[in-house]
Amino acid sequence: MTDADLRDLVARALAEDIGGGDLTSDAVVPADVHARATITQKQSGVLFGFGAAEEVFRQAGAEDFEALASEGQWREEVPARVGAANGPARALLAAERTALNLLCHLSGVATLTARYVQAIEESQAKILDTRKTTPGLRALEKAAVAAGGGYNHRLGLYDAILIKENHVALAGGLGEAVRRASGAEPERSVEVECRDLDEVAAALDAGAGWLLLDNMEAEALRRAVQLRDSTAEAHGPVATLEASGGVTLENVGEIAATGVEFISVGAITHSAPALDLSMLVAPL
């Protein structure tokens, strides 16, 4: 996300929350009161989102923001002070909810990603994110995935080719879909979604460079790896295998042990629980 994009996102988020003004603070807090806000991490996990939080405080009228902890590192000991801001008390209160919404959500994404990464640390597989992101927050959520130790896959429809069942149906077959994609974008690797071993074989025969193995059980994944390896000489460069669908913290280790290179997990962005953080303000 560019600086301009972040400024725009924060401006819209603040406008959504503040509207015509903070009725409570304007009525209760004197305009000349200055204060210090302290953000506390109350739950173990990985922090991410200080840049977004800082922009919120800046636009709300705070005088400064200071991160008191590192992003991308697992913090076990809580509660702990992780951020602070100074400025007019009304500005700090106006920033509170928007800053915490972003910081808690993005830290939750980083934390859940880290849990998946930890669950497969004995394997060579890597955790990938997906396009199952919150509209408008994709760049920040994918940055949070990276902070948690995961890897970013497709940023959007514009930067990679992934042929799915609907594309196959509309193109007239898997082989034809791969042929068209390869002809249209010869410099890009073509990824194909495969739902069973027959489709794996067909995708390999068509020359696909990356196979997304959708909702396959562990045994089917192992057989897909074996099929890929046994046919590598006939098909040239070895295709990359990505397991996807039905992945949980309970089964991701078993999936990683099958020999796939990547495991994509939509839940790390679309279902990550917010990390528990809070903010308290004290007058100066």
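Biologist: Leaving aside its neighbours within four places in sequence, which residues is Leu 112 in contact with?

Modeller: Contact means heavy atoms within 4.5 Å, and by that rule Leu 112 is in contact with Leu 249, Ala 267, Ile 268, Ser 271, Ala 272 and Pro 273. This is a predicted model, in which local features need pLDDT of at least 70 and side-chain atom pairs count only at pLDDT 80 or more, while totals for chains, interfaces and linings use all residues. Residues are numbered from 1 along each chain as its sequence is written, and side-chain values use heavy atoms, with hydrogens and water left out.

Biologist: Where does Leu 112 lie, and is Leu 112 buried or exposed?

Modeller: Helices (H or I, at least four residues) and strands (E, at least two) are DSSP runs, numbered from the N terminus, and Leu 112 has its place in helix α4, residues 89-119. Buried means under 20% relative accessible area, exposed over 50%, and partly exposed in between, with a 1.4 Å probe and protein chains only; Leu 112 counts as buried because its relative accessibility is 13%.

Biologist: Why is strand β10 described as largely enclosed?

Modeller: In a regular strand the side chains alternate between the two faces of the sheet. In β10 (residues 240-244), 5 of the 5 residues are buried, so the strand is largely enclosed by the rest of the structure. Thr 240, Glu 242 and Ser 244 are buried on one side, as are Leu 241 and Ala 243 on the other.

Biologist: Which strands pair with β10?

Modeller: Two strands pair if DSSP finds at least two bridges between them. Strand β9 (residues 210-214) pairs with β10 in the parallel sense over 5 bridges, with Asp 214 opposite Ser 244, and β11 (residues 262-264) pairs with β10, also parallel, over 3 bridges, with Ala 243 opposite Ile 263.
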